Amino acid sequence: MLDGHVTRTRTTMELFLVLVSLLFVTRCGKTTAEESAPVVINMVVREGDDAVLSCSLGSRSIKQELFDWKKDGQKEVFMYNRGTHYNNNPTNQDPDFRGRVFHFAQQLDVGNASVVIRPTKVTDSGSYTCDFPFHQPRRRSHIVLVVGEWLKNRPDISGASPEPIVKILAETDKGVQVHCAVKGAFPKPVVQWKDRAGNIVPAEEPQVSERRGSYDVILQTTVTKTDYYQCVATQKEIKHRVYTETLVLVPVPGNRSGWIVVDFWRGFCLLFFWLFFWL
């Protein structure tokens with residue numbers, strides 16, 4: 001009787017260990033390739049504006065770490081090494097970036113390895129990478145930057161569109177509604193919503209009204225993911241383009257993933273006890 005009980009208990013424990021192993025593989029089975037390659041971020045800025053290139057090693061302090069920003073795989077943009085950096089020792093920094101790239105010294109304690117290019121030039125367009133050579137994965141950020149020439153305002157030209165007025169209206173079950181208004185423009189501008197990568201965001205039909213020889217245009221859309229969005233007004237006839245950019249935070253829709261985990265563990269425990277007492 002005792003031998004039978006021991007055999008049953010061992011069989012149950014072996015089954016338990018198999019189930020735990022399967023669970024571990026399911027929850028933790030990301031490959032090295034999946035974890036090592038950062039998501040490529042596309043960024044579009046206007047020439048003369050700041051470009052913040054984001055990079056992080058989590059929330060740990062990086063004061064005693066080394067991180068290196070490069071452009072197109074070869075140009076040295078900015079390097080920080082245990083307190084020494086290109087702003088106090090620019091020996092190996094590419095001349096194009098000297099005096100224009102700065103890190104966030106006060107945020108090194110929380111792992112922030114971001115840098116800002118100030119001011120940007122059209123020639124800054126390119127592919128930027130942030131590496132921590134002594135960590136795995138070493139690459140922590142990959143950003144494709146496009147710096148464009150846009151005319152911010154043309155007060156010397158009558159009718160040039162002013163900067164669009166952007167408002168966040170409301171959250172819906174489909175996303176976040178955003179509103180753009182361009183007022184007092186002539187000739188009539190083409191108004192579009194774009195994401196930061198420059199892709200056109202589908203929008204509702206523009207509401208156009210004419211008053212005193214100029215045009216007011218209202219354009220609304222609903223965005224479904226967090227990003228920087230631009231409302232762009234273009235007047236080709238007078239070679240004028242102007243935009244306003246805003247960050248729109250889109251809440252992650254609720255899901256049942258937490259309940260699935262709870263239900264899984266509840267069923268797992270019931271299965272274990274049933275096997276232990278009845279096998």
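Strand β2 is joined to strand β7 (residues 115-117) by three bridges, and the two run antiparallel; strands here are DSSP runs of E with at least two residues, numbered from the N terminus, and two strands pair if DSSP finds at least two bridges between them. Within this pairing, valine 115 of β7 is the bridge partner of leucine 53. The pairing belongs to an open sheet of three strands, ordered β2-β7-β6 and antiparallel, in which β2 (51-53) and β6 (101-103) are the edge strands, each pairing on one side only.

This is a predicted model, in which local features need pLDDT of at least 70 and side-chain atom pairs count only at pLDDT 80 or more, while totals for chains, interfaces and linings use all residues. Residues are numbered from 1 along each chain as its sequence is written, and side-chain values use heavy atoms, with hydrogens and water left out.

Two disulfides are counted, a disulfide being a pair of cysteine sulfur atoms within 2.5 Å. One of them joins cysteine 55 to cysteine 130, with an S to S distance of 2.1 Å, and links distant parts of the chain, 75 residues apart, from the loop between β2 and β3 (66-71) to strand β8 (residues 126-131). Cysteine 180 and cysteine 231 form a disulfide with their sulfur atoms 1.8 Å apart; the torsion about its S-S bond is about -75°, so this disulfide is left-handed. Both cysteine 180 and cysteine 231 are buried, that is, under 20% relative accessible area, whereas exposed means over 50% and partly exposed lies in between (1.4 Å probe, protein chains only).

Leucine 249, in the loop between β17 (240-248) and α3 (257-278), counts as exposed because its relative accessibility is 59%.

Definitions and conventions
Helix = DSSP H or I, 4+ residues; strand = E, 2+ residues; numbered from the N terminus.
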